[in-house]
Amino acid sequence: MATTTVARGSASPGPRAKRKAPFPVELYRSALGKKYVMAITGIVLIGFVVAHMVGNLKMYLGPDDFNHYGHFLREMLVPIVPRTWALWGLRIGLLVAFPLHIHAAYSLTRMNHAARDVKYQSRRDYIAAN
């Protein structure tokens, strides 16, 4: 019984298809994803500023209220997580939100500049009304 072999092409691999990145990475690469990141991190940062302001204003209520606020920050979510873990989670969240906000703003600005080669042609010579 004779067998025949079929000659095939060379064994060198052809161009490989790129694998898609995970969905959050693909979303962040788009302008819409960067705008979502800007919005969410902006809300987180403004929330920190407001909560920090309210906590510091407790100083005017007296030392007992101010100490209670400090104790509250350390004991936040204590039955669920160990002591001060929630406070460290908030700190890490802020340390992540700030650079993400800055990077999204910078890259959005770069995307907007790259989208239009020609500058806008209208002169901005508005005259202020009296």
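Which residue forms a salt bridge with R29? In this predicted model, in which local features need a pLDDT of at least 70, side-chain atom pairs count only at pLDDT 80 or more, and totals for chains, interfaces and linings use all residues, the partner of R29 is E26, with the closest N and O atoms 3.2 Å apart. Residues are numbered from 1 along each chain as its sequence is written, and side-chain values use heavy atoms, with hydrogens and water left out.

A salt bridge is taken here as a side-chain nitrogen of Lys or Arg within 4 Å of a carboxyl oxygen of Asp or Glu, and by this rule the count comes to 2 salt bridges. Side chains of opposite charge can pair when their charged atoms come close. R29 and E26 both lie in helix 1, 3 residues apart, which is about one turn of the helix; helices are DSSP runs of H or I with at least four residues, numbered from the N terminus. An α-helix has 3.6 residues a turn, so residues three or four places apart point the same way. With buried meaning under 20% relative accessible area, exposed over 50% and partly exposed in between (1.4 Å probe, protein chains only), R29 counts as exposed because its relative accessibility is 53%, whereas E26, at 30%, is partly exposed. The other pairing joins E75 to R83, where the closest N and O atoms are 2.6 Å apart; E75 is partly exposed at 26% relative accessibility, and R83 is likewise partly exposed at 46%.

Helix 2 comprises 27 residues (31-57), and its end C-alpha atoms are 39 Å apart, in agreement with the 39 Å that should be spanned at 1.5 Å a residue; the expected span is 1.5 Å times one less than the number of residues. Its buried residues are G33, K34, V37, T41, G42, L45 and G55, and these pack against helix 1 (23-29), helix 3 (63-74) and helix 4 (85-115). V37, with a relative accessible area of 19%, is therefore classed as buried. Contact being defined as heavy atoms within 4.5 Å, V37 is in contact with Y28, G42, L100 and A104 once neighbours within four places in sequence are left aside. V37 and L100 are 63 residues apart in sequence, yet their C-alpha atoms are 7.3 Å apart in space.

K34, also in helix 2, is buried yet has no salt bridge, and the nearest side chain of opposite charge, E26, is 11 Å away; Lys and Arg count as positive and Asp and Glu as negative, with His and the chain ends not counted. Not counting residues up to four places away in sequence, K34 touches L27, Y28, R29, A104, S107, L108 and M111.

A nonpolar surface patch of about 810 Å² is made by I46, V50, M53, V54, L57, M59, Y60 and F66, and helix 2 contributes its largest share, 5 residues. Such a patch joins nonpolar side chains (Val, Leu, Ile, Met, Phe, Trp, Tyr) within 5 Å, from residues with over 30% relative accessible area and no salt bridge; accessible areas come from the Shrake-Rupley method with a 1.4 Å probe. V54, which lies in helix 2, is partly exposed, with a relative accessible area of 43%.

Most residues other than glycine have a negative phi. In the loop between helix 3 and helix 4, L77 has a positive phi near 60°, and T84, found in that loop, has a positive phi near 70°. L77 counts as partly exposed because its relative accessibility is 48%.

Terms used:
Helices (H or I, at least four residues) and strands (E, at least two) are DSSP runs, numbered from the N terminus. Patches are made of residues with over 30% relative accessible area and no salt bridge: like charges are joined within 9 Å, nonpolar side chains (Val, Leu, Ile, Met, Phe, Trp, Tyr) within 5 Å.
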